[in-house]
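Trainee: I've just opened this one and I'm a bit lost. Could you show me how to back up each label with a number?

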Amino acid sequence: MTAPTTATAVRRRITVRGTVQGVGFRPYVHRLAADLTLTGFVGNTASGVLIEVEGAPAGVERFCARLADEPPPLATVTAVGVEEVPATGADGGFTIRATEESAPGRALLPPDTATCPDCLRELADPADRRHRHPFITCTHCGPRFTIATGMPYDRAVTTMSGFPLCPDCAREYDAPADRRFHAQPVACPDCGPRLRLVPAAGSGVRAARDGDALARARELLAAGRILAVKGIGGYHLACDASHARAVDTLRARKARGDKPFAVMCADLAQAERIAVVGTAERAALAGPRRPIVLLRPRPGVRLAPGVCPGSPHLGVMLPYTPVHTLLFGLPGDPPGPRVLVMTSGNRSGEPIVTDDDEALTRLFGLADAWLAHDRPIASPCDDSLLRVRADGTEQVLRRSRGYAPRPLRLPVPVRPALAVGGDLKNALCVGEGDLAWFGPHIGDMGDLATLEAAVRAERHLHRLTGVRPELVAADRHPGYHSAAWARRRAARLPAKSPVFVQHHHAHVAAAMAEAGLDGTAPVIGVAFDGTGYGDDGTVWGGEVLVADYTGYRRLAHLAPAPLPGGDAGVANPCRTALARLWAAGLPWDPDLPSVAACSHEELRLLARQLPSEVGCVATSSMGRLFDAVSSLAGVCHRVGYEAQAALELEAQACLAWDADPVAYRFGDRFDPAPALHAIITDRRLGVPVPVIAARFHRGVARAVLDVCRAARRATGLTTVALTGGVFANALLEGASTDLLGADGFTVLLHGEVPPNDGGLALGQLVVAAHERADHERADHDRPDHDRRTRFSDETE
């Protein structure tokens with residue numbers, strides 16, 4: 001074909017923004033231009049991809065039309081800008097240019113993605129040169145976020161920079177028609193990372209490398225040993241999920257208490273053998289993100305009892321790296337476990353381990369051997385966790401691998417800011433303009449290691465997003481480690497101090513932002529959780545707010561009760577139950593399970609402590625009410641992990657949910673006393689525990705409807721946001737949503753943003769942006785410059 005002359009040719013300069021780096025977008029553009037016989041070039045920039053294309057007008061028009069409609073699987077195009085430029089008449093074909101290092105702007109990096117079907121086929125093909133290669137990848141799959149050390153995304157700014165390409169890989173990397181063209185993690189057995197098996201001292205395990213390391217690791221798992229496995233975002237601790245002694249040993253070594261373990265199944269068929277998997281759950285399990293999905297276990301499932309004791313759900317995921325696939329074995333390998341416990345590689349309360357030397361020390365005594373590799377991890381990234389609602393929508397409960405650093409589109413613009421979240425389920429969030437980025441799940445900010453992990457997470461977000469915070473937002477709790485860190489971080493900025501955002505206001509704002517509300521109209525926010533610092537210095541957690549991004553009003557709340565002993569009270573639901581009975585004027589009769597669970601010394605102490613209020617703080621927490629009812633019903637009196645009592649109560653309620661529609665009634669002013677009295681009566685009548693649990697759940701949902709009706713009468717508002725960690729409870733959220741929807745309310749539910757404290761930072765971000773803007777306008781309007789918002793002055 002004869003190339004068009006400059007008189008007949010046209011040339012377009014095209015800028016593409018979105019997730020267009022590290023996803024095979026440039027080779028896709030190259031192939032598209034070649035198909036249409038066009039000349040020009042494509043290259044990465046700091047803000048996305050720049051294309052200049054030249055040729056016959058019809059071909060250029062087709063190119064522009066197809067560009068955003070047929071992107072590679074991992075690409076997301078958010079904007080395409082086109083401008084006409086003079087044709088050059090050059091006949092150099094279509095080329096891929098080197099990255100522009102100094103261009104301004106911001107590109108979007110994709111999350112880590114599960115191994116694609118093409119790579120899995122090659123992994124299992126004895127004739128392929130990457131047969132059994134534990135780090136097989138291409139432009140359609142593999143690590144991105146956890147290996148990137150900067151942007152624009154090129155091999156030189158990844159942790160693969162220390163692995164020079166062999167000639168064969170270099171040819172694939174440079175061939176536009178190849179699936180591995182500019183796939184930055186690309187490698188093969190000759191030039192890629194290497195596996196090694198490191199035995200614990202005295203374990204009797206032999207060291208091994210490469211394929212022998214994997215074979216030996218499979219043997220150890222089959223023999224009931226515990227293995228520390230290095231993944232793409234950190235270490236896991238793994239054992240055979242059907243081996244009771246191995247599971248119990250792992251639980252004891254990790255001091256896990258009764259907290260459920262997640263499991264990894266060899267394939268989808270195996271997952272369906274142990275749990276009920278619907279269409280939406282199947283899509284979530286097998287999709288490119290590969291989160292842990294909460295499923296109902298099948299009756300009689302052959303897993304060790306210690307995998308998920310007392311939980312209504314079983315957390316299940318599928319292999320998402322080649323190492324995982326090889327751990328289960330390929331056809332012809334000796335049989336081994338088909339379901340593995342796969343839990344975060346850390347000690348309780350610490351961040352996930354990523355460094356190999358740290359793994360040998362911090363996981364010492366937990367693992368019998370380490371299956372490690374020599375590719376560094378740039379950022380820790382734990383597994384994401386979600387559940388699927390009855391309508392097929394997803395509720396993410398931990399947003400991390402597969403999601404970070406995917407941006408969220410904000411309905412309101414924000415100035416460059418960092419929000420540090422809370423002390424539990426911590427996850428940072430940075431934002432600028434109409435985009436916000438969550439960092440991966442960090443955990444509970446209880447020790448130096450977790451704080452250091454938060455500092456590293458912020459630096460990594462800065463490198464990848466380019467956001468330079470001008471303000472910092474934090475929770476108003478005066479004792480939070482995250483708030484103290486925010487003060488230190490803000491001291492280096494012109495503002496000098498953070499914007500402190502009330503906990504439940506942040507929850508409601510996060511739900512509003514995720515739903516795309518611009519804040520011009522307030523909503524009724526129902527924020528239920530375990531702990532949140534209230535304006536009056538008490539513990540809030542059963543809140544009904546009228547809120548927008550600029551402020552809130554506490555319209556109603558659960559009737560308060562004393563919380564004896566602070567954290568000690570939280571760890572002992574039987575004490576919380578007695579405090580609730582005392583507040584309701586109900587006696588501590590010896591036949592009550594909560595009374596029987598307390599020692600005589602505890603009873604004497606509480607009898608003195610509650611009337612005097614010594615060592616007590618008032619709480620309106622719905623989470624603590626669930627704990628109290630769990631104990632009153634005889635389900636759980638002492639807890640070893642957060643929300644254990646509530647989870648076990650939910651598990652009981654599931655058993656009777658479809659059989660009993662009765663709902664316990666709450667009194668005026670959101671008072672649970674009548675419900676508590678009914679629970680005691682039903683216990684004495686011999687009503688089964690599952691029925692009591694179901695009636696309580698339905699009673700709370702009915703109370704939500706009642707308080708929202710009262711709010712509607714008082715305000716005229718009809719939009720309700722259900723938020724806070726208590727709404728991770730599927731029964732409560734579902735029942736509340738159904739009742740509210742049937743009564744004419746529009747209900748906002750969380751999806752990709754967790755309802756618990758893992759989503760708190762998003763709400764802090766949007767509230768802080770509005771508060772600081774209001775503050776600065778007031779400073780401009782008033783010469784004394786002394787105005788301070790009611791959201792930022794009470795915890796200084």
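This is a predicted model: local features need pLDDT of at least 70, side-chain atom pairs count only at pLDDT 80 or more; totals for chains, interfaces and linings use all residues.

Trainee: How many aromatic pairs does a search of the whole structure find?

Mentor: Five. Rings of Phe, Tyr and Trp (its six-membered ring) pair if their centres lie within 6.5 Å; planes under 30 degrees apart are stacked, over 60 edge-to-face, the rest tilted.

Trainee: Why is the pair of Phe528 and Phe727 called stacked?

Mentor: Their centres are 5.3 Å apart and their planes sit at 10°, so the pair is stacked. Phe528 is in strand β22 (residues 523-533) and Phe727 is in the loop between β27 (719-723) and α22 (730-742), so this pair ties together parts 199 residues apart in sequence. Those element names come from DSSP runs, numbered from the N terminus: helices are H or I with at least four residues, strands E with at least two.

Trainee: And what makes Phe666 and Phe670 tilted?

Mentor: Their centres are 5.8 Å apart and the planes stand at 45°, so that pair counts as tilted. Phe528, Phe666, Phe670 and Phe727 form one aromatic cluster.

Trainee: How do you know that Phe666 is buried?

Mentor: Its relative accessible area is 13%, so Phe666 is buried. Phe670 comes out at 4%, so Phe670 is buried too.

Trainee: Why does the charged end of Arg401 count as sitting over the ring of Tyr320?

Mentor: Arg401 has its charged end 3.4 Å from the centre of that ring. The rule wants NZ of Lys or CZ of Arg within 6 Å of the ring centre and within 35 degrees of the ring normal. The charged end of Arg554 likewise sits over the ring of Trp540, 3.8 Å from its centre.

Trainee: What does Thr115 touch?

Mentor: Leu120, Cys141, Tyr320, Thr321 and Pro322, leaving aside residues up to four places away in sequence; contact means heavy atoms within 4.5 Å. Thr115 lies in the loop between β5 and α3 (117-123), and at 10% relative accessible area it is buried.

Trainee: How do you know that β1 and β3 pair?

Mentor: Seven bridges join β1 (residues 10-19) to β3 (residues 48-55), running antiparallel. DSSP must find at least two bridges, so they qualify. Arg13 stands opposite Glu52 in β3.

Trainee: In what order do the five strands of the open sheet come?

Mentor: β4-β1-β3-β2-β5, with mixed pairing. β4 (76-85) and β5 (94-96) are at the edges with a single partner strand each, so one side of each has no neighbour in the sheet.

Trainee: What puts the buried residues of α8 on the same side?

Mentor: In α8 (residues 279-286), Glu281, Ala284 and Leu285 are buried. They cover an arc of only 100° around the axis, which puts them on the same side of α8; the arc is that of the directions from the helix axis to the C-beta atoms. Thr279 and Ala283, on the other side of α8, are exposed.

Notes
Residues are numbered from 1 along each chain as its sequence is written. Side-chain values use heavy atoms; hydrogens and water are left out. Buried means under 20% relative accessible area, exposed over 50%, partly exposed in between (1.4 Å probe, protein chains only).
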